[in-house]
Amino acid sequence: TTGFATDDFDQWPNYLRIYMVLIMFGACSGSTSGSLKAIRMVIILKIIYRELQKLVHPRAVISIKVGQKALDNSQVTSVLALWGIFFILSSLSFILLSLMGLDATSSITGTLACITNVGPGLGSVGPAGHYADIPSAGKWILSLLMLMGRLEIYGILLLFFPMTWKK
């Protein structure tokens, strides 16, 4: 996850670069990667499938199961909220980096590389580039994303809520 590269994947065909960006989102459940864990992706896919089933059978009560265990609504809500926070943070960071002068490819992949802690990006933050040309404010944003990705988003966000510091 250092961003070390053995090949200039900016020269690869677009479909491979898109695939590389997509696999930034997946990590094993026990991994320290900041990506959205594979089990959360499975739960999201099961939620989507349940909603499609409800369109056909609107009165059906369909639970989300992982293995043989049904998840309660608070667990499902927690997964959905984490996905929402992940995408809101990523989108906001991408927009802020774009406003600082980075091109779209560098902004998007730099944001994803930092929040998922996978290392390499594309464009100016790719294997032939580096993060040194990003303005200081952008480096702060990316550093915060790296912390959130590594230590879990919820844990870092709790530090900014006043209720955390009240007795």
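## Glu152, between two helices

Glu152 sits in the loop that links helix 5 to helix 6. Its phi angle is near 80°, a positive value in a residue that is not glycine. Keep in mind that the model you are looking at is predicted.

## The chain as a whole

Stepping back, you will find seven helices and four strands in this chain. Followed along the sequence, they come in the order α-β-β-α-β-β-α-α-α-α-α. A box of roughly 55 × 50 × 30 Å, taken along the principal axes, holds the C-alpha atoms.

Of the 167 residues in the chain, 33% are buried. Contacts also reach across the sequence: among those between residues at least 6 apart, 56% join residues at least 24 apart.

In soluble globular proteins, nonpolar side chains tend to be buried together. Here, the largest nonpolar core contains 31 residues, and Leu145 and Ile153 have the most contacts inside it. Two or more core residues come from each of helix 1 (14-22), helix 2 (38-56), helix 3 (73-99), helix 4 (104-115), helix 5 (136-151) and helix 6 (153-158). Helix 3 is the biggest contributor, giving seven residues to this core.

Which residues does Ile153 contact, leaving aside its neighbours within four places in sequence? They are Leu82, Ile85, Phe86, Leu89, Ile115 and Met148.

## Where helix 4 meets helix 5

Two packed helices are described by the angle between their axes and the distance between the axes. For helix 4 and helix 5, the angle is about 40° and the axes are 7 Å apart. Because of that angle, helix 4 is oblique to helix 5. Helix 4 brings Gly110, Thr111, Cys114 and Ile115 to the contact, while helix 5 brings Leu142, Leu145, Met146 and Gly149. Sorted by type, the residues of this contact are five nonpolar, three polar and no charged.

With a relative accessibility of 3%, Leu142 counts as buried. Beyond its neighbours within four places in sequence, Leu142 is in contact with Leu97, Gly110, Thr111, Cys114, Tyr131 and Ile134. Take Thr111 from that list: the C-alpha atoms of Leu142 and Thr111 are 6.6 Å apart in space, although the two residues are 31 residues apart in sequence.

## Ser106 in helix 4

Helix 4 also holds Ser106. Is Ser106 buried or exposed? Its relative accessibility is 1%, so Ser106 counts as buried. Not counting residues up to four places away in sequence, Ser106 touches Thr111, Leu122, Gly123, Ser124 and Val125.

## The two sides of helix 1

Finally, have a look at helix 1, where Arg17, Met20 and Val21 are the buried residues. Viewed down the axis of helix 1, these buried residues fall within an arc of 100°, so they line one face of the helix. What do the buried residues of helix 1 pack against? Their partner is helix 4. On the other side of helix 1, you can find Tyr15, Ile18, Tyr19 and Leu22, which are exposed.

How values were computed:
Residues numbered from 1 in each chain as written. Predicted model: local features only at pLDDT ≥ 70, side-chain atom pairs only at ≥ 80, totals over all residues. Heavy atoms only, no water. Core = buried A, V, L, I, M, F, W, Y, C linked by side-chain atoms within 4.5 Å. Buried < 20%, exposed > 50% of the residue type's maximum accessible area, 1.4 Å probe, protein only. Contact = heavy atoms within 4.5 Å. Axes fitted to C-alpha atoms, helices over the stretch in contact; angles between N-to-C directions. Parallel < 35°, antiparallel > 145°, perpendicular 65-115°, else oblique. Nonpolar A, V, L, I, M, F, W, Y, C, P; charged D, E, K, R; others polar. Arc of directions from axis to C-beta.
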